[in-house]
Amino acid sequence: MNALGEAILLFFPVIEYLRLRLFERVRGMELIEKAPAKINLGLDVLYKRPDGYHELEMVMSSVDLADHLFFEEIPEDKIIVETNKAFLPVDQRNNVYQAALLLKNKYHVNKGVKIFVKKNIPVAAGLGGGSTDCAAALRGINKLWDLGCSLEELASIGLEVGTDVPYCVYGSTSFVSGKGEKINVLSPMPPCWVVLVKPRMSVSTRTVFKEVDAQQLNHQDIEGLVEAIQQQDYQKMIAKMGNSLEDVTGRRHPIIHQIKERMLKYGADAALMSGSGPTVFALCQHYSRAQRVYNGLKGFCDEVYLVRTL
């Protein structure tokens, strides 16, 4: 793509924001909240805790592939969730519904809310789609009902729904530890292009962790990765990236390793599985290289995205 095409992609977030504002006006919505996908630059499983969770060390960052949540106060004292994806539940099984109910009960709110979730992030993909929607719901309802909660308070509430929610409440490049509740915000990761590839199958995080033996994993240098990001050293960052769950998920789904090989073949600076998978992402400093990786994977998998870091 030429320089004009690259410029259009650079300004795409602005174009998308204006389009959503127009959509908001047409629907009569009162508030929009963006829910960006996350990627794991580093993920290490240290051991299984007495409470059944695993002790983790992770570095997460957000990318410009996002769902959007639209909020509207309604006269009825109830919660209504709608979405553009017919297969998603819209009752108490939905993370957005759970977030609204938690805030409603905790702060004794006698108001109703209608939330429309426009899904763009693939489901069960290792990109935190459900968690980031939950986090966006917490932030949006906090504003809509003027609850005055801090991000720290919202993150604590979100932990009741899922362990990735606290990170998603903040959404910045962060060192995440514990079972996901300890968030240390870092400098933004060095800017680059990201190619996301989601194979057709979905992966259950719970199933992956059932197969984890922390003593047999390939452990990662998370401390070195954090240091590289704080130093804004892109080359050191990609050298320190790693995911201890990649071999676990990869044994069940060899396509993950095939995607990585193709990404590196087409010139990616680094390629890694995100979360428990199955999405694999590539990082490229230069747009022309990212476009080459994108084109090289487009025919191999149906869901391929070329986005920027946030």
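Colleague: Why do you call strand E7 (residues 193–198) and E11 paired?

Modeller: Six bridges join E7 to E11, and the two run antiparallel. Two strands pair if DSSP finds at least two bridges between them, so the six bridges here qualify. Strands are DSSP runs (E, at least two residues), as are helices (H or I, at least four), all numbered from the N terminus. Mind you, this is a predicted model: local features need pLDDT of at least 70, side-chain atom pairs count only at pLDDT 80 or more, and totals for chains, interfaces and linings use all residues. Residues are numbered from 1 along each chain as its sequence is written, and side-chain values use heavy atoms, leaving out hydrogens and water.

Colleague: Why is strand E2 (residues 54–74) called mostly covered?

Modeller: Buried means under 20% relative accessible area, exposed over 50%, partly exposed in between (1.4 Å probe, protein chains only). In E2, 18 of the 21 residues are buried, so "mostly covered" it is.

Colleague: How many bridges join E2 to E1 (residues 31–48)?

Modeller: 16, running antiparallel. E1 and E2 form a hairpin with five residues between them, and Gly52 in the turn has a positive phi of about 95°.
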